[in-house]
Amino acid sequence: MAESKTVLRIEARSLRAELARACPDFARRIAAFASELNIATRAVVAGYWPVRDEADPRVLMNALRTPLALPRIDTKDAALSFRAWREADALVDNRHGIPEPRAEAKIVTPDVVLVPLLAFDAHGHRLGYGGGYYDRTLSLLARSATPPAKPSLRALVTIGVAYAGQQVAALPREAHDRPLDMIVTENGLRRFTTRPE
């Protein structure tokens with residue numbers, strides 16, 4: 001399983017680089033679907049700062065007009081923390097070279113998480129980078145979500161951000177894998193209403 005995922009990641013990274021070059025207006029195009037996400041204006045939306053050829057969610061994030069957050073790696077092999085973020089806030093590079101909020105930024109709990117990925121399939125499963133950060137984080141957030149405290153919000157919504165060409169026929173799955181609720185690509189929004197076991 002690990003070996004097959006390693007091969008998939010190598011192939012997916014190469015493909016994503018090609019897709020990024022072919023779609024330079026990706027960020028603007030996905031922002032056009034902001035209203036279709038049906039995110040409440042007071043929901044905290046956690047995005048991410050794209051690096052290299054990652055699908056860029058930043059224009060979409062600003063179009064949502066909700067409180068925003070970015071992830072921060074506080075401890076290796078632990079879940080991510082999310083820190084409140086505004087466009088003017090300074091960021092610092094972590095040990096992976098990824099810009100993230102400063103340690104003193106306010107910790108928040110997101111209602112919606114925009115998730116980076118290398119590939120996705122027709123059932124909403126994603127291929128991540130292999131570090132397990134999002135797997136651990138989404139599992140923790142899903143367990144700790146308390147919808148009754150926020151009756152107007154869903155427990156936790158996960159939205160993959162990807163180029164349409166990153167879809168593959170199927171991905172290997174493990175017990176801890178949590179399917180995404182939606183995928184937004186330059187071609188539109190896709191919701192996953194059925195989740196096979």
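Mentor: The charged end of R58 sits over the ring of W49, at 4.4 Å from the centre of that ring. This is a predicted model, in which local features need pLDDT of at least 70 and side-chain atom pairs count only at pLDDT 80 or more, while totals for chains, interfaces and linings use all residues. Residues are numbered from 1 along each chain as its sequence is written, and side-chain values use heavy atoms, with hydrogens and water left out.

Trainee: What makes the charged end of R58 count as sitting over the ring of W49?

Mentor: The rule asks that NZ of Lys or CZ of Arg be within 6 Å of the ring centre and within 35 degrees of the ring normal. The charged end of R58 is 4.4 Å from the centre of the W49 ring, and that of R136 sits over the ring of Y133, 5.0 Å from its centre.

Trainee: Why is the pair of W49 and W85 called edge-to-face?

Mentor: Rings of Phe, Tyr and Trp (its six-membered ring) pair if their centres lie within 6.5 Å, and planes under 30 degrees apart count as stacked, over 60 as edge-to-face and the rest as tilted. W49 and W85 are 6.0 Å apart centre to centre with 80° between the planes, so they form an edge-to-face pair.

Trainee: Why is W85 called buried, and what is W49 called?

Mentor: Buried means under 20% relative accessible area, exposed over 50%, and partly exposed in between (1.4 Å probe, protein chains only). W85 has 7% relative accessibility and therefore counts as buried, whereas W49, at 24%, counts as partly exposed.
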